Amino acid sequence: MRYLSTRGTPDAPRLPFCDVLLAGLAPDGGLYVPESYPPLDLPRLRRVLAEEGYAAVAYEVLSLYVDDIPADDLRAICARAYTAEAFGDEAIVPVSELGNGLWLAHLSNGPTAAFKDLAMQLLGQLFEYELERRHETLTILGATSGDTGSAAEYAMLGKPSVRVFMLSPQGRMSAFQQAQMFSILDPHIVNIAVPGVFDDSQDLVKEVFSDPDFKQRYAIGAVNSINVARLLAQVVYYVVAWLRTTSRDDERVSFCVPSGNFGNICAGHIAREMGLPVERLVLATNENTVLHEFFSTGVYRVRASSETYETSSPSMDISKASNFERFAFDLLGRDQERVRDLFGVRLREAGELDLSGTPEFATIPGRYGFMSGASTHADRVRTIREVHDRYGVVIDPHTADGVTVAQGLLGAEPMVVLETALPVKFAPTIVEAIGVEPDRPARFEGLEDLPRRVMVLSGGVDELKAVIGASFRGSA
Ligand SMILES: *Cc1c(COP(=O)(O)O)cnc(C)c1O
């Protein structure tokens, strides 16, 4: 299996998995995608899940895409990533039925209580393995508004070949999220609070990335959602959720996915292309409706950060969906030239692209199964209350966006909503909805009282570079 860029030229090299693992974005600005989607052997996967569990299914799925890591090593990597210890349950991703054809796939039982852990835990193991094999180290530089930063830090804990510098907007993350990140005291993990909003942190990261000498000198890399390994790790839980919802291999299921960067649901698209019997892929947004707008009109119009609403499902407050280009690539018949023109030129110049009226756009519901919907703060609060009253289950605000949209689109087949975070991360909205504090899993007891380490950076990109440089000299 080789990987190509969505914007590549016919002569651009196609790379093996481990090269794209460490590369992130392709040099032409495109995203790496696998050159084909191999078919799933459903009867075999059903047996493997029953007999060996989640990590073995992860190995089966990943081995279709990874041929430059020996099979035994890849199996061991999956086993280390998906442990009952890290995910609190042998099932790793349990599935439960609410009622009326509505199900929940619980993706948020990992170390940081958000679905990002499922991909990050694997990424941490893959990085450690590949860096040791190459005798290299990596410096991860990123910006987070909440869930990604802590998932990345917990995944890289205790891995000496990886250093992490994570920027976050000072005082803007939830109290729980701040406690979760800043209580990490590993000397290889540096939390940096930046005055301003998320974009101010993001801009600093981009400035460092635009300095090739500095980037090369400190081997700076990224862990954002465009990393192809994160995408492939996410395909696994669609397969497992489908297996746990069905008893026959021809049963069809729909998924409803709370979406921001289009990463989670893009993995659903890949699973469906591999032959998973998925009836519909329902995309749910909050008040930031860029993606819902595309699927209902054919116009993809990105928004400026000043036009992005701050909502009570903050991990979906995104106005430029970085993984969307991967779906567009398939939709446009994998025509790299057209993707290059649309995403590399027109979107950059005009801030939008228009596929309405094209034959490709008309095929989306039938050929790809996509539907979409949006919800508001009032919807979220009402849905959290209704799900609690009717089923005795407390869901987080992002999952509530999914349930709101799913309820309007129920069909004959089971509708599985992906639970993307635990309610404890967003307690104020839960209290607003049902008047009581959400349950706190034992591993988070006393989290807010732990000692913290975070530095405040107000000196711009020069200070950031100095901090990174000094940390290397300190340990040399
Ligand atoms: C990241 C995140 C999302 C959005 O997922 P995408 O892959 O960006 O579409 C939804 N909910 C939660 C809790 C998240 O952390």
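Arg 382 and Asp 379 sit together in helix 18 (residues 377–391), 3 residues apart, about one turn of the helix; helices here are DSSP runs of H or I with at least four residues, strands are runs of E with at least two, and both are numbered from the N terminus. The two side chains form a salt bridge, with their closest N and O atoms 3.4 Å apart. By salt bridge I mean a side-chain nitrogen of Lys or Arg within 4 Å of a carboxyl oxygen of Asp or Glu. Arg 382 counts as partly exposed at 37% relative accessibility, whereas Asp 379, at 16%, counts as buried. The cut-offs are under 20% relative accessible area for buried, over 50% for exposed, and partly exposed in between, with a 1.4 Å probe and protein chains only.

A word on the source. This is a predicted model, in which local features need pLDDT of at least 70 and side-chain atom pairs count only at pLDDT 80 or more, while totals for chains, interfaces and linings use all residues. Residues are numbered from 1 along each chain as its sequence is written, and side-chain values use heavy atoms, with hydrogens and water left out.

The structure holds 27 salt bridges. One of them joins the side chains of Asp 19 and Arg 134, at 2.8 Å from N to O. Asp 19 belongs to helix 1 (residues 17–23) and Arg 134 to helix 6 (residues 116–134), so this pair ties together parts that are 115 residues apart in sequence. Another salt bridge, at 2.7 Å from N to O, is made by the side chains of Glu 279 and Arg 252. Here Glu 279 lies in strand 10 (residues 278–285) and Arg 252 in the loop between helix 11 and strand 9 (253–258), 27 residues apart. Glu 279 is partly exposed at 32% relative accessibility, and Arg 252 is partly exposed at 38%.

Which charged residue is buried yet has no salt bridge? That is Asp 186, for which the nearest side chain of opposite charge, Arg 453, is 6.2 Å away; Lys and Arg count as positive, Asp and Glu as negative, and His and the chain ends are not counted. Asp 186 is found in the loop between helix 8 (175–182) and strand 7 (189–194). A polar atom of the Asp 186 side chain lies 3.2 Å from the backbone nitrogen of Gly 158.

I turn to the ligand. It is surrounded by 15 residues, the closest being Lys 116, Asp 147, Gly 260, Asn 261 and Asn 264; a residue is included if one of its heavy atoms lies within 4 Å. A polar side-chain atom of Asp 147 is 2.6 Å from an oxygen atom of the ligand. A backbone N or O atom of Asn 261 lies 2.7 Å from a ligand oxygen atom.

Ala 321 lies in the loop between strand 11 (299–301) and helix 14 (324–331), and Ala 321 is buried, with a relative accessible area of 7%. Not counting residues up to four places away in sequence, Ala 321 touches Gly 260, Asn 261, Phe 262, Leu 291 and Tyr 300, where contact means heavy atoms within 4.5 Å. Ala 321 and Tyr 300 are 21 residues apart in sequence and 9.8 Å apart in space, C-alpha to C-alpha.

Finally, Tyr 300 is among the residues with the most contacts inside the largest nonpolar core, which has 117 residues. Such a core is a set of buried Ala, Val, Leu, Ile, Met, Phe, Trp, Tyr and Cys residues joined through side-chain atoms within 4.5 Å. Helix 11 (residues 228–245) supplies the largest share of this core, 14 residues.

Notes. Polar contact = N/O pair within 3.5 Å; in protein donor to acceptor, adjacent residues only side chain to side chain.
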